[in-house]
Amino acid sequence: MLVALTVAVAVSALALAAWCGFAAFRDQPTKDWHFIGMAVVSLLALAQLVVGIVQLALGERPEQGMTVFIAYLIGAFAAVPAAGFLSLTERTRWGSVTVAAGAVVLAVLEVRLYDIWGS
């Protein structure tokens, strides 16, 4: 895995979590700007998914097993979009809380992906 990409995804996810957490603190639902931020973080997670699959296709293997690695890659890619869809159904401050929680989950998954790969 590319360490720089893993760090970029984790840092951007934490920034999104802080931004949406601040919106929840101010009693605001997710707004269009939040969805743009979610799209940026999701694109970074998609890039990581593609890089991970390419590295597996080139014959590189994670230390802790390919099945676990692929499951975490897919989960990392799906965390923020799933939280974004849930926030659309909850148009209160709790929608912002949901996105903030999904972004924190993504950051934790990034740490775990790094550990699984064995870097």
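**Exercise 1. Find how helices H1 and H2 are arranged: at what angle do their axes cross?**

Step 1. The axes of H1 and H2 cross at roughly 160° and come within 10 Å. Here axes are lines fitted to C-alpha atoms, for helices over the stretch in contact, and angles run from 0 to 180 degrees between N-to-C directions. Helices are DSSP runs of H or I with at least four residues, numbered from the N terminus.

Step 2. H1 and H2 are therefore roughly antiparallel to each other. The angle classes are: under 35 degrees roughly parallel, over 145 roughly antiparallel, 65 to 115 roughly perpendicular, and the rest oblique.

Step 3. The crossing of H1 and H2 is left-handed; that is, the near helix is turned anticlockwise from the far one by less than a right angle, while clockwise would be right-handed.

Before you go on, please keep in mind that this is a predicted model, in which local features need pLDDT of at least 70, side-chain atom pairs count only at pLDDT 80 or more, and totals for chains, interfaces and linings use all residues. Residues are numbered from 1 along each chain as its sequence is written, and side-chain values use heavy atoms, with hydrogens and water left out.

**Exercise 2. Describe the packing of H1 with H4: how far apart are their axes?**

Step 1. Helix H1 covers residues 3-25 and helix H4 residues 93-117; their axes are 8 Å apart, at an angle of about 160°.

Step 2. H1 and H4 are therefore roughly antiparallel to each other, and their crossing is left-handed.

Step 3. The residues of this contact divide into 19 nonpolar, three polar and two charged. Ala, Val, Leu, Ile, Met, Phe, Trp, Tyr, Cys and Pro count as nonpolar, Asp, Glu, Lys and Arg as charged, and the others, Gly among them, as polar.

**Exercise 3. Find the aromatic pairs: how many does the structure hold?**

Step 1. There are two aromatic pairs. Rings of Phe, Tyr and Trp (its six-membered ring) pair if their centres lie within 6.5 Å; planes under 30 degrees apart count as stacked, over 60 as edge-to-face and the rest as tilted.

Step 2. Take Phe22 and Phe25: the ring centres are 6.5 Å apart and the planes lie at 25°, so this pair is stacked. Both residues lie in helix H1, three residues apart, about one turn of the helix. Phe22 counts as partly exposed at 45% relative accessibility, and Phe25 is exposed at 66%.

Step 3. Turn to Phe69 and Trp117, a tilted pair with 5.0 Å centre to centre and 50° between the planes. This pair links distant parts of the chain, with Phe69 in helix H3 (residues 66-89) and Trp117 in helix H4, 48 residues apart. Phe69 is buried at 0%, and Trp117 counts as buried at 10%.

Note on methods. Helix = DSSP H or I, 4+ residues; strand = E, 2+ residues; numbered from the N terminus. Buried < 20%, exposed > 50% of the residue type's maximum accessible area, 1.4 Å probe, protein only.
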